[in-house]
Amino acid sequence: MASYATNQWRLLSLIGVLMVSAAAAAALQPLPMKVLVDYGLRGESAPAWLGGMQRGELVALSGLLAIVVFLVETALDAALTMAWSVAGQRMVVRLSNDVFRKLVTLSHLYHVKNPAGDSISRLTGDAWCVYTFIAGFVMGPIHQLMVLASVSMFAFTLDTSLAWVSVAMAPALALSSYFFGGRLKQRAKQGRKADASLMSFVQQTLTSLPLVQAFAAVDRNQAKFGSLADDAIEVSKKGALLQSSFGMVNGAVTTLGTSVVLFYGGQRVFRGQMPLGTLLVFLTYLRSLQDRKSTRLNSSHGYISYAVFCLKK
C-alpha cells in the first residue's frame with residue numbers, strides 16, 4: 001500500500017499544501033459577515049488592519065471579501081479535485097496491473113476453486129481500494145483535522161468560553177463514530193460478498209449458456225439469480241439503515257450543540273459581553289462543520305470500511 005502512495009509523493013505533497021490552504025480559507029469564510037455586522041452596521045470600533053475605514057466603506061468591503069473568499073475556496077476545491085483525480089487514477093491503474101499479473105501466474109487449481117467473477121471484481125472494483133483508503137482513511141482525516149484546528153484557533157481568538165462550549169460536542173461525535181464503525185465495516189463485508197456471489201453466478205451462467213438452454217435450466221437459473229439479487233438488496237437495505245442511523249445520531253449531537261451555543265452566546269450578546277458578529281461567526285463555523293461531516297465523513301464511512309475489507313483480500 002505504501003509503495004503506491006510513495007510513487008505519487010509529488011502530487012500528494014501538492015495535495016497537502018492545498019489542504020492547508022483550504023483549511024485556512026474555511027476559517028476565514030465568516031470574516032466578511034463579522035465585518036458587516038459588527039463594524040459596518042453596528043458601528044463598533046474596527047481593528048487596526050481595517051485602516052480606519054468609514055462604515056459605508058466597511059459595508060462595501062464585506063461584500064468584496066465575501067467574493068474573494070468564495071473565489072479562493074472554489075479555486076482550491078477545483079485544484080484538490082484535479083490533483084486527487086490524477087493521483088488516484090495512477091494508483092488504481094498500477095494496482096490493477098499488479099493484481100492482473102498475480103492472477104495470470106496463479107495455478108489452475110486456484111481458478112477452479114475461486115469463481116471468475118471474484119477475480120473480475122478484484123480487477124474492476126477492489127483495485128479502487130488503494131485510492132479510497134488513502135483519500136478517506138489517511139488524507140481525509142488529516143484534512144478534517146486541519147480544518148478543525150484552523151477553525152478552533154480562530155474561534156478561541158474571538159471568544160474563549162464560547163469556543164470551549166462549541167468543542168464540547170467532539171467527544172460525543174467520536175463515541176458515535178466508534179460505535180458505528182465496526183458495524184459499518186461488517187455491513188460492507190456482507191455487501192461485498194453478496195455482490196461477488198451475484199457477479200460470479202452471472203458470469204458462470206453466461207459462459208455456459210448453451211448447456212443451460214440444452215437442459216432447460218433457464219427457470220432454475222432465473223430463480224437462483226432472483227434469490228441472490230434479493231440477498232444483495234437486503235444487505236444493501238440494512239447498510240442504508242445503519243448509515244442513516246449514523247447520520248441521525250451525529251445530526252442530533254450537532255443540533256444540540258448548536259442550540260447550546262445559540263443560547264449561551266445569545267446571553268453573552270444580550271449582556272454586552274460579546275459582539276453579535278462573533279456569535280454569527282460561531283454559528284457559521286458549526287454549520288460549516290456539520291455540512292462537512294454530512295457530505296464527507298458520514299457518506300464516506302461505509303466506503304472506508306469497504307476499502308479496508310478489500311485491502312484484507
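## Overall architecture

Read along the sequence, the protein follows the pattern α-α-α-α-α-α-α-α-α-α-α-α. The model described here is a predicted one. It contains 12 helices and zero strands. The protein has 313 residues, of which 38% count as buried.

Two packed helices are described by the angle between their axes and the distance between the axes. Helix α2, residues 9-28, and helix α4, residues 55-105, have axes that come within 9 Å and cross at roughly 155°. Angles over 145 degrees count as roughly antiparallel, and α2 and α4 are therefore roughly antiparallel to each other. The crossing in which α2 passes α4 is left-handed.

On the α2 side, the residues that meet α4 are Leu-11, Leu-12, Ile-15, Leu-18, Met-19, Ser-21, Ala-22, Ala-25, Ala-26 and Leu-28. On the α4 side, the partners are Val-69, Val-72, Glu-73, Leu-76, Ala-79, Leu-80, Ala-83, Trp-84, Val-86, Ala-87 and Arg-90. By class, the contact of α2 with α4 comprises 18 nonpolar residues, one polar residue and two charged residues.

Helix α3, residues 31-41, also packs on α4: the two axes come within 8 Å and cross at roughly 175°. That angle makes α3 roughly antiparallel to α4. From α3, the contact draws on Pro-32, Val-35, Leu-36, Tyr-39, Gly-40 and Leu-41. From α4, it draws on Arg-55, Leu-58, Val-59, Ser-62, Leu-65, Ala-66 and Val-69. The contact of α3 with α4 has 10 nonpolar, two polar and one charged residues.

## Packing of α9 against α11

Helix α9, residues 170-207, packs with α11 at an angle of about 165°, and their axes are 9 Å apart. That makes α9 roughly antiparallel to α11. Helix α9 passes α11 in a left-handed crossing. The residues of this contact divide into 17 nonpolar, 12 polar and five charged.

## Nonpolar cores

The largest nonpolar core has 21 residues. Those with the most contacts inside it are Ile-15, Leu-80, Trp-84, Leu-95, Val-130, Ile-134 and Met-139. The elements that give two or more residues to this core are α1 (2-6), α2, α4 and α7 (129-158). Helix α4 gives the most, with seven residues.

Another core, of 17 residues, lies apart from the largest one. Among its residues are Ala-23, Ala-26, Ala-163 and Tyr-285.

Ser-96 lies in helix α4. With a relative accessible area of 17%, Ser-96 is buried, because the cut-off for a buried residue is under 20%. Leaving aside its neighbours within four places in sequence, Ser-96 is in contact with Leu-123 and Ala-127.

Val-130 is buried, with a relative accessible area of 0%. The C-alpha atoms of Val-130 and Arg-94 are separated by 9.9 Å, although these residues are 36 residues apart along the chain.

Ala-216 is placed in the loop between α10 (209-214) and α11 (218-270). Most residues other than glycine have a negative phi. The phi of Ala-216, by contrast, is near 55°, a positive value in a residue other than glycine. Ala-216 counts as exposed at 64% relative accessibility, because exposed means over 50%.

Arg-287 is placed in helix α12, residues 276-312. At 53% relative accessibility, Arg-287 counts as exposed. The C-alpha atoms of Arg-287 and Thr-258 are separated by 8.2 Å, and the two residues are 29 residues apart along the chain.

Conventions: Residues are numbered from 1 along each chain as its sequence is written. This is a predicted model: local features need pLDDT of at least 70, side-chain atom pairs count only at pLDDT 80 or more; totals for chains, interfaces and linings use all residues. Side-chain values use heavy atoms; hydrogens and water are left out. Axes are lines fitted to C-alpha atoms, for helices over the stretch in contact, and angles run from 0 to 180 degrees between N-to-C directions. Helices (H or I, at least four residues) and strands (E, at least two) are DSSP runs, numbered from the N terminus. Angles under 35 degrees count as roughly parallel, over 145 as roughly antiparallel, 65 to 115 as roughly perpendicular and the rest as oblique. A crossing is left-handed if the near helix is turned anticlockwise from the far one by less than a right angle, and right-handed if clockwise. Contact means heavy atoms within 4.5 Å. Ala, Val, Leu, Ile, Met, Phe, Trp, Tyr, Cys and Pro count as nonpolar, Asp, Glu, Lys and Arg as charged, and the others, Gly among them, as polar. A nonpolar core is a set of buried Ala, Val, Leu, Ile, Met, Phe, Trp, Tyr and Cys residues joined through side-chain atoms within 4.5 Å. Buried means under 20% relative accessible area, exposed over 50%, partly exposed in between (1.4 Å probe, protein chains only).
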